[in-house]
Amino acid sequence: MNVLKTKDLLIGYKDESILPPINITLNEGDLIALIGPNGAGKSTLFKTLTAHIKPVSGSIELMGRELSSYSPREKAKLIGLV
C-alpha cells in the first residue's frame with residue numbers, strides 16, 4: 001500500500017509554483033532524504049506534504065485517501081514532523 005503519493009503536485013505561495021510538478025510514491029518502510037541548497041523548496045515541500053500550506057495544484061494522497069479530506073484531528077494522528 002502507498003503511504004504517500006503525489007500527482008502533478010505544484011508547491012509554492014500565493015498561487016505561484018516554485019518547482020516543476022512533483023510525482024512521489026512512498027511505500028511503507030521506504031527511507032528517503034531530501035537535500036538541496038538554501039531556498040530550493042525543501043521546507044515548502046514538507047509544509048505542503050504535512051498540510052501546513054495548501055498546494056498550488058495537484059493532489060496528495062495519504063494512506064490511499066486525499067489529504068484534504070482528513071479532519072485536523074485525523075491528520076494530527078497520522079502526521080509528525082521534526
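**Burial, fold and side-chain contacts**

Analyst: To begin, buried residues make up 23% of the 82 residues in the protein. The model is a predicted one.

User: What pattern do the helices and strands follow along the sequence?

Analyst: The protein has two helices and six strands. Its radius of gyration is 12 Å, close to the 12 Å that the globule rule gives for 82 residues, so the protein is as compact as a globular protein of that length. Read along the sequence, the pattern is β-β-β-β-α-β-β-α.

User: Among contacts with a separation of 6 or more, what percentage is between residues 24 or more positions apart?

Analyst: Contact here means heavy atoms within 4.5 Å. Of the contacts in the protein with a separation of 6 or more, residues 24 or more positions apart account for 51%.

User: How much of the accessible surface belongs to carbon and sulfur atoms?

Analyst: The C-alpha trace spans about 30 × 25 × 25 Å along its principal axes. The accessible surface of the protein comes to about 6,000 Å², and the part belonging to carbon and sulfur atoms is 56%.

User: Which side chains meet in a salt bridge?

Analyst: A search of the whole structure finds one salt bridge. The cut-off is a side-chain nitrogen of Lys or Arg within 4 Å of a carboxyl oxygen of Asp or Glu. At 3.1 Å, N to O, the pair that meets is E74 and R65.

User: Is R65 buried, partly exposed or exposed?

Analyst: Buried means under 20% relative accessible area and exposed means over 50%. R65 has a relative accessible area of 32%, so R65 is partly exposed. Its salt-bridge partner E74 has a relative accessible area of 31% and is likewise partly exposed. For R65, then, the class is partly exposed.

User: Over the face of which residue does R65 lie?

Analyst: The structure holds zero aromatic pairs. A charge counts as over a ring if CZ of Arg is within 6 Å of the ring centre and within 35 degrees of the ring normal. R65 lies at 4.0 Å from the ring centre, over the face of Y70.

User: Where is D15, which has a positive phi?

Analyst: D15 is not a glycine, yet its phi is about 60°. With a relative accessible area of 70%, D15 is exposed. Its place is in the loop between β2 (12-13) and β3 (16-17).

User: What is the relative accessible area of M63?

Analyst: M63 lies in the loop between β5 (57-62) and β6 (65-66). Its phi is near 55°, a positive value in a residue other than glycine. M63 is partly exposed, and its relative accessible area is 38%.

Definitions and conventions. Residues are numbered from 1 along each chain as its sequence is written. This is a predicted model: local features need pLDDT of at least 70, side-chain atom pairs count only at pLDDT 80 or more; totals for chains, interfaces and linings use all residues. Side-chain values use heavy atoms; hydrogens and water are left out. Rings of Phe, Tyr and Trp (its six-membered ring) pair if their centres lie within 6.5 Å; planes under 30 degrees apart count as stacked, over 60 as edge-to-face and the rest as tilted. Buried means under 20% relative accessible area, exposed over 50%, partly exposed in between (1.4 Å probe, protein chains only). Helices (H or I, at least four residues) and strands (E, at least two) are DSSP runs, numbered from the N terminus. The radius of gyration is taken over C-alpha atoms; the globule rule is 2.2 Å times the number of residues to the power 0.38. Accessible areas come from the Shrake-Rupley method with a 1.4 Å probe; for residues, only the protein chains shown count as cover.
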